Amino acid sequence: MMHDADILIAGGGLNGPALALALAQGGLRVTVIDSRPAPARAEAGFDGRAYALAIASRRLLTMIGIWQKVGDLAQPIHRIKASDGLAGQGPAPFFLTFDAAEIEEGPMGFLLEDRHLYAAFLAAMTAHPNVTLLSGETVTGQEVAPNAVAATLASGRRLTARLLVGCDGRGSGTATRAGIRRVGWGYGQTALVTAIHHEKDHNGTAHQFFMPEGPLAILPLKGGHHSSIVWSETEENAARIQALPDDQYLEALRPRFGDFLGEIALAGDRFTYPLSLSLAERFVAPRVALVGDAAHGVHPIAGQGLNLGLRDVAALAQTVIEAHRRGEDIGSQTTLEAYQRWRRFDSTALALGMDTVNRLFSNDNPILRAGRDLGLGIVNALPGLRRRFIRQAAGLQGDLPRLLAGKPI
């Protein structure tokens, strides 16, 4: 039976295109179904939205031909500083500093703007003969047969393949239609996201400032004098702050941001995102696999959301391509269970770990404050432990798929 594609991917954000390119390099025909108009997103101007990419993620992007197009636009992360404190009072005396000099692989990661990364993905998908992009289309139905899966689009078009992959986010329609339930909870927090211009050079340092209402991440962007911020507040505070005009928004930010980078000014659009934990109970169903936020929506406290998704991409691509080369059914339950075994424990453990850190630091309990400040100081004083943390955050630990190790499948 001839299918329209070997694999259908519902969702064209970032994980979907990355998976499509990885699979296409393995000789598989892939169709990406993206509800958003691709050209508009690819041509967007500066808005400050950016991703922290781990070393392992950079390796994957290199192997699928993307990093070569965007590497010069990325800001290396040379240091990460984490501290506890209160708005207007500065950081606590105990803090934690990670330095790239402690590992051999160079910068601990990179900050790259969304607009640059997506534009590179779009160009690569358009140029690859094994990838078809359906922009402005939505999957509204799916049906599984013994040797195929069919997806119905909002336009009425019907496509068949051997495997359907949901890269369609936390509210994944792919997961819902496959009968996959989710567990999770809200944090009562909202992330305020924008870009800041600052007087002093950031020198490639990322800052994580833990406050009772939620953490503030200051992430260095290319050029030295711009940073992206992810500022978590209680839902009530965030709604009030987001409604303020720019000058008052900036006044609310200043005591939290501090003056270590000199004068600051808004330099991008302002966005908000409700924060929650959302985990799929299963990552697979008959002829269906979930990747990225469709499988695990996590707190942005460590900037690991996209990195987790790219780990899924690497594991699923390797599992499917190797099955294809052995002449096996790439959509069989045996193939999909192998992917789930590879990824479910790691992603769930990391998600719950970030949940624990957020709960530990997002409060003003004096006993917890003393304990966590002491903990930061102890880790900072132990080079071996610091190095382990750095390598874990860089995605260099564990059973790495080949793409994350910088090797072809």
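Analyst: Start with one cut-off. A residue counts as buried when its relative accessible area is under 20%, as exposed when that area is over 50%, and as partly exposed in between. Keep in mind that this is a predicted model.

Side chains of opposite charge can pair when their charged atoms come close. The structure holds 14 salt bridges.

D346 and R343 form a salt bridge, and their closest N and O atoms are 2.5 Å apart. Both residues belong to helix α10, which covers residues 333–361. They are three residues apart, about one turn of that helix. Is R343 buried or exposed? Its relative accessibility is 4%, which is under the 20% cut-off, so R343 counts as buried. D346 has a relative accessible area of 25%. R311, D312, R343 and D346 are linked in a network of salt bridges.

Next, a pair between separate parts of the chain. D6 forms a salt bridge with R29, with 3.8 Å between the closest N and O atoms. D6 sits in the segment before β1 (7–10). R29 sits in the loop between α1 (15–25) and β2 (30–34). The two are 23 residues apart, and the pair links distant parts of the chain. D6 is buried, because its relative accessible area of 10% is under the 20% limit. R29 reaches 30% and is partly exposed.

R181 forms a salt bridge with E281, and the closest N and O atoms are 3.4 Å apart. R181 lies between α6 (173–177) and β13 (182–198), while E281 lies between β18 (271–280) and β19 (284–285), so the pair ties together parts that are 100 residues apart in sequence. R181 is exposed at a relative accessible area of 61%, which is over the 50% limit. E281, at 30%, is partly exposed.

D246 belongs to helix α8. At 46% relative accessibility, D246 counts as partly exposed. D246 and R270 are 24 residues apart along the chain, and their C-alpha atoms are separated by 9.2 Å.

Charge also meets a ring. The charged end of R49 sits over the ring of F271, 4.6 Å from the ring centre.

Now the rings themselves. A search of the whole structure finds three aromatic pairs. One of them is W67 with F110, edge-to-face, with 5.0 Å from centre to centre and 65 degrees between the planes. W67 is in helix α4 (residues 67–70) and F110 in strand β7 (residues 109–113). They are 43 residues apart, and the pair links distant parts of the chain. W67 and F110 are both buried. W231 and Y249 also pair: their ring centres are 5.6 Å apart and their planes stand at 75 degrees, so this pair is edge-to-face. W231 lies in strand β16 (residues 226–234) and Y249 in helix α8 (residues 246–257), so the pair ties together parts 18 residues apart in sequence. Both W231 and Y249 are buried.

Helix α5 (residues 114–127) has 14 residues and should span 20 Å at 1.5 Å a residue; its end C-alpha atoms are 20 Å apart, which agrees. Its buried residues include D114, H116, Y118 and F121.

Three strands form an open sheet in the order β9-β10-β11, with antiparallel pairing. β9 (139–145) and β11 (158–161) stand at the edges with a single partner strand each, so one side of each is left without a neighbour in the sheet. Neighbouring strands of this sheet are turned by 20 degrees against each other on average, direction ignored. β10 (residues 148–153) and β11 pair in the antiparallel sense over four bridges. A151 has L159 in β11 as its bridge partner.

Conventions
Residues are numbered from 1 along each chain as its sequence is written. This is a predicted model: local features need pLDDT of at least 70, side-chain atom pairs count only at pLDDT 80 or more; totals for chains, interfaces and linings use all residues. Side-chain values use heavy atoms; hydrogens and water are left out. Rings of Phe, Tyr and Trp (its six-membered ring) pair if their centres lie within 6.5 Å; planes under 30 degrees apart count as stacked, over 60 as edge-to-face and the rest as tilted. Buried means under 20% relative accessible area, exposed over 50%, partly exposed in between (1.4 Å probe, protein chains only). A charge sits over a ring if NZ of Lys or CZ of Arg is within 6 Å of the ring centre and within 35 degrees of the ring normal. The expected span of a helix is 1.5 Å times one less than its number of residues. Two strands pair if DSSP finds at least two bridges between them. Axes are lines fitted to C-alpha atoms, for helices over the stretch in contact, and angles run from 0 to 180 degrees between N-to-C directions. A salt bridge is a side-chain nitrogen of Lys or Arg within 4 Å of a carboxyl oxygen of Asp or Glu.
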